[in-house]
Amino acid sequence: MTKPMKLQCVLCGREYEPGAVRYTCPSCGLDGTLDVLYDYDEIRTRLNRKSLACDPDRSLWRYRAVLPVEDDAHIPSLSVGWTPLYDSAKLRETYGVRKIFVKDDGRNPTASLKDRASAVGVAKALDAGQTIVSCASTGNAASSLSGFAAVSGLQSVIFVPQTAPAAKVTQLLVYGAAVVLVRGDYSDAFLLATAAIDAYGWYNRNCAINPYLVEGKKTCAMEIAEQLDFEVPDRVFISVGDGCCIGGIYKGFLDLLRLGLIDRMPKITGVQAEGACPIHDAFLSGSERVTFGPADTIADSISVGAPRNWAKALRAVRKSGGATVTVSDAEILSAIPELARSAGVFGEPAGVAAFAGFRKMAMQGMVSPDETVALVVTGNGLKDIPSAQKAVGSPLVADPDIDDFRKKAKGVLLNVW
Ligand SMILES: Cc1ncc(COP(=O)(O)O)c(C=O)c1O
Ligand SMILES: [Zn+2]
């Protein structure tokens, strides 16, 4: 059980007692997302290399000393986190960097990094005595929330764009969520969800609104650091839609720095799709704020023209000395089989976007050969089969007959062996 010390607005820096505000900064409104801060000096005595080395818990709750859940009984039973971090020799050789690690967060229970946020979100909803939880999502946060609500005995009410991939919508229905397919894009779903949550008083799991959700996401960074024996990589690549995941990665490394577990921040690099890149545009122009723009990309999870957590996303890139990069849909699609064939990790389009961004920067000489790199694959490839099919074409179809096989395979399959 950990009580956060204070909440601090990312924009104006005002500080609040945790019980004093529910979601965003009252002065800055929806843009004023809050940071959750702890008594790091006290926590150092409980969370350190020695305590971690003795902790048998292989889930994100090994970092519970810096997770804001008040009652341990509210921790959901699904096992989240401690996903594999692969050291890919093949990628290292292909792209000429010192080391390259692939964090497979598609291995979480509902198959995306969002499970880290939902685990904490559901526990916080129970801490707050709520029975109905709700969010708007491009798909993964929603399927994740519905899974965690199911095991915690909560009802979930979910708003997703009508165009969300079938696998994600099916996950929602399987877990028993009340699902609203919103005619429009993610931005429309967000606005309707916000209005409905206000009107009905449900618990808001939107990660850009509810400060506690990013706390779950930060554990991805903590794991990367711990899995590398606290020798952090020089650069971490992650895809960016609303900006919560990259905000979480930054917060995770920053909390480790505050606890004295690491001694420097990695350069955090945000990857956006060319058709939905308002955070990249703001970073390049040096702008203080993000101007909302269009959203059109095959990578549905990052098809966000109006990022709600833009302040945390921009801060992550700027304060860590990182960068942003955009990738085309063709680059995202070609990254799906390349990552699977090189590192064995099958990611959905937004999941492999991190690799596509790294590949582009490496090929442009923007990653130095002595750098160590980590790529976060945020979602599993089975979430969006139609996109993967576009990248790999069709298999051979043959009758169950060796002569038919010989005829069909000639020049198609057998010439590659
Ligand atoms: C697989 C995947 N990757 C990346 C993202 C982007 O995360 P964020 O919207 O927090 O920037 C999402 C969000 O839905 C996602 O589901
Ligand atoms: Zn503020």
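Visitor: What follows α15, and what is its phi like?
Guide: This is a predicted model, and in it α15 is followed by Gly411, whose phi is positive, near 75°.

Visitor: And how many residues of α15 are buried?
Guide: The count is zero among the eight residues of this helix, which spans residues 402-409, so it counts as hardly covered under the rule that a buried residue has 20 or more other C-beta atoms within 10 Å of its own.

Visitor: OK, switch to α10: which of its residues are buried?
Guide: In α10, which covers residues 278-285, the buried ones are Pro278, Ile279, His280, Ala282 and Phe283.

Visitor: Now the ligand. How many residues surround ligand 1, and which are the closest?
Guide: There are 20 residues around ligand 1, and the closest of them are Asn140, Gly241, Cys244, Thr378 and Gly379.

Visitor: Which helices supply at least two residues of that shell?
Guide: Those are α5 (140-152), α9 (244-258) and α13 (349-363), and the largest share, three residues, comes from α9.

Visitor: How does the shell divide into nonpolar, polar and charged?
Guide: Of the residues in the shell around ligand 1, ten are polar, seven are nonpolar and three are charged.

Visitor: Let's do strands. In what order do the four strands of the open sheet come?
Guide: The order is β8-β7-β6-β9, with parallel pairing, and the edge strands, each of which pairs on one side only, are β8 (178-182) and β9.

Visitor: Tell me about β6, then. How many of its residues are buried?
Guide: Four of the five residues in β6, which runs over residues 132-136, are buried, and the strand is therefore described as mostly covered, given that buried means 20 or more other C-beta atoms within 10 Å.

Visitor: How does β6 pair with β7, and how does the chain get across?
Guide: The two strands pair in the parallel sense over five bridges, β7 being residues 155-161, and one pair of residues standing opposite each other is Ile132 and Gln155. From β6 the chain crosses through α5 to β7, and this β-α-β crossover is right-handed.

Visitor: And what joins β6 to β9?
Guide: Two bridges join β6 to β9 (residues 203-204), and these strands run parallel, with Val133 standing opposite Tyr203.

Visitor: Zooming out, how many helices and strands are there?
Guide: The protein has 15 helices and 13 strands, and its C-alpha atoms fill a box of roughly 75 × 45 × 45 Å along the principal axes.

Visitor: What does the radius of gyration say?
Guide: The protein has 21 Å, which agrees with a compact globule, because one with 417 residues would have a radius of gyration near 22 Å.

Technical notes: Residues are numbered from 1 along each chain as its sequence is written. Chains are lettered from A and ligands numbered from 1 in the order in which they are written. This is a predicted model: local features need pLDDT of at least 70, side-chain atom pairs count only at pLDDT 80 or more; totals for chains, interfaces and linings use all residues. A residue is near a molecule or strand if its C-beta atom, placed from the backbone, lies within 6 Å of it. Ala, Val, Leu, Ile, Met, Phe, Trp, Tyr, Cys and Pro count as nonpolar, Asp, Glu, Lys and Arg as charged, and the others, Gly among them, as polar. A residue is buried if 20 or more other C-beta atoms lie within 10 Å of its own, exposed if 12 or fewer, and partly exposed in between; C-beta atoms are placed from the backbone. Two strands pair if DSSP finds at least two bridges between them. A crossover is right-handed if, with the strands pointing away from the viewer, the path from the first strand over the helix to the second runs clockwise. The radius of gyration is taken over C-alpha atoms; the globule rule is 2.2 Å times the number of residues to the power 0.38.
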